[in-house]
Amino acid sequence: MDSITQGFTQALHLILALDRELLGIIILTFEVSGIALVLAIAAGLPAGAATGLARFPGRGFVINVMNTLTGLPPVVVGLFVYLLLSRKGPLGFLGLLYSPSAMVIAQTILAMPIVTALCHSAIVNVDPIIRQAARTLGATPLQQTFAVIREARYGILSAIITAFGRVMAEVGAILIVGGNIAGHTRVMTTTIALETDKGNFELALALGIILLAISFIVNAALHAVQRKGAVQSV
């Protein structure tokens, strides 16, 4: 019990003292996850809007694939990206393996299906009268699309928050493609795994406390957005 108390005390000291190593790990975590989230939104939102608004052959199959990919096992994604970027892989000449860029690619692959599927769900649940009203008022197809997206904004924001929580908590894929190299590819989740194995519980606990705080903030934001969206739809 004393060792646990001591570990928490030292962890809080690291946080309050703004330990340099701790800050570096946190900053890299937000950089990698933030870039991956932006890329996932850039690809996932148009894809979700297209499948939600357009009608085309094979649409049902595309939607099923999209929903299936939301449950991609992280280690499988990590293996795929590793083989893609390894020296003998098709993109090995880029030299991206064991770099933050490789971690961004892996996290983008994990986050994009979530953004796409949840944005699609938000858009298809918008009352069709919104699009019809925009068309009646002389809106162009693009303006009609923006009108529907605006109406689905709370659901889309929920998708983004959910994807952010997913990439922040990721460990398997980025551990494989990033290598968990100190000062280069070490983020919060991979550091917790490594430092726990080494018995360095102070740093692991400090990062664990920060991750829990981030998780609480993400879930509180998601709840607030969902509640606001529910109130608006009443």
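Mentor: Let me start with Glu195, which counts as buried because its relative accessibility is 2%. Keep in mind that this is a predicted model.

Trainee: Which side chain does Glu195 meet in a salt bridge?
Mentor: That's Lys198, with an N to O distance of 3.5 Å.

Trainee: And is Lys198 buried or exposed?
Mentor: Lys198 counts as exposed, at 55% relative accessibility.

Trainee: How are Glu195 and Lys198 placed in helix α10?
Mentor: They sit three residues apart in α10, so about one helical turn separates them.

Trainee: How many salt bridges does the structure hold?
Mentor: Two. Besides the pair in α10, the side chains of Glu170 and Arg166 meet at 3.1 Å, N to O.

Trainee: What about burial for Glu170 and Arg166?
Mentor: Glu170 is buried, with a relative accessible area of 3%. Arg166 is partly exposed, at 23%.

Trainee: Okay, cavities now. How many of 30 Å³ or more turn up?
Mentor: A search of the whole structure gives one. The largest cavity has a volume of about 50 Å³.

Trainee: Which residues line the largest cavity?
Mentor: Glu170 from that salt bridge is one of them. The lining also includes Thr29, Val32, Ser33, Gln107, Met188 and Thr189.

Trainee: And the make-up of that lining, by class?
Mentor: Six nonpolar residues, four polar and one charged.

Trainee: Which element gives the most to the lining of the largest cavity?
Mentor: α2 does, with three residues. α8 and α10 each supply at least two, as α2 does.

Trainee: Switching to the packing: how many residues are in the largest nonpolar core?
Mentor: It has 37, and those with the most contacts inside it are Leu22, Ile123, Met188, Leu207 and Ile214. Two or more residues come from each of α1, α2, α5, α7, α8 and α11. α11 gives the most, with nine.

Trainee: Oh, how much space lies in the second largest pocket?
Mentor: About 190 Å³.

Trainee: Which element gives the most to the pocket's lining?
Mentor: α6, with four residues. At least two residues each come from α2 (20–53), α5 (100–124) and α6 (128–136).

Trainee: How does that lining divide by class?
Mentor: Six nonpolar, two polar and four charged. Among the residues lining the pocket you'll find Arg55, Asp127, Arg131 and Arg135.

Methods: Residues are numbered from 1 along each chain as its sequence is written. This is a predicted model: local features need pLDDT of at least 70, side-chain atom pairs count only at pLDDT 80 or more; totals for chains, interfaces and linings use all residues. Side-chain values use heavy atoms; hydrogens and water are left out. On a 1 Å grid over the protein atoms alone, a cavity is a set of points where a 1.4 Å probe fits but cannot get out, and a pocket is an open set with protein on both sides within 12 Å along at least five of seven lines; lining residues have an atom within 4 Å of a point. Grid points are joined across faces, edges and corners, and a volume is the space filled by probe spheres set on the points. Ala, Val, Leu, Ile, Met, Phe, Trp, Tyr, Cys and Pro count as nonpolar, Asp, Glu, Lys and Arg as charged, and the others, Gly among them, as polar. A nonpolar core is a set of buried Ala, Val, Leu, Ile, Met, Phe, Trp, Tyr and Cys residues joined through side-chain atoms within 4.5 Å. Buried means under 20% relative accessible area, exposed over 50%, partly exposed in between (1.4 Å probe, protein chains only). A salt bridge is a side-chain nitrogen of Lys or Arg within 4 Å of a carboxyl oxygen of Asp or Glu.
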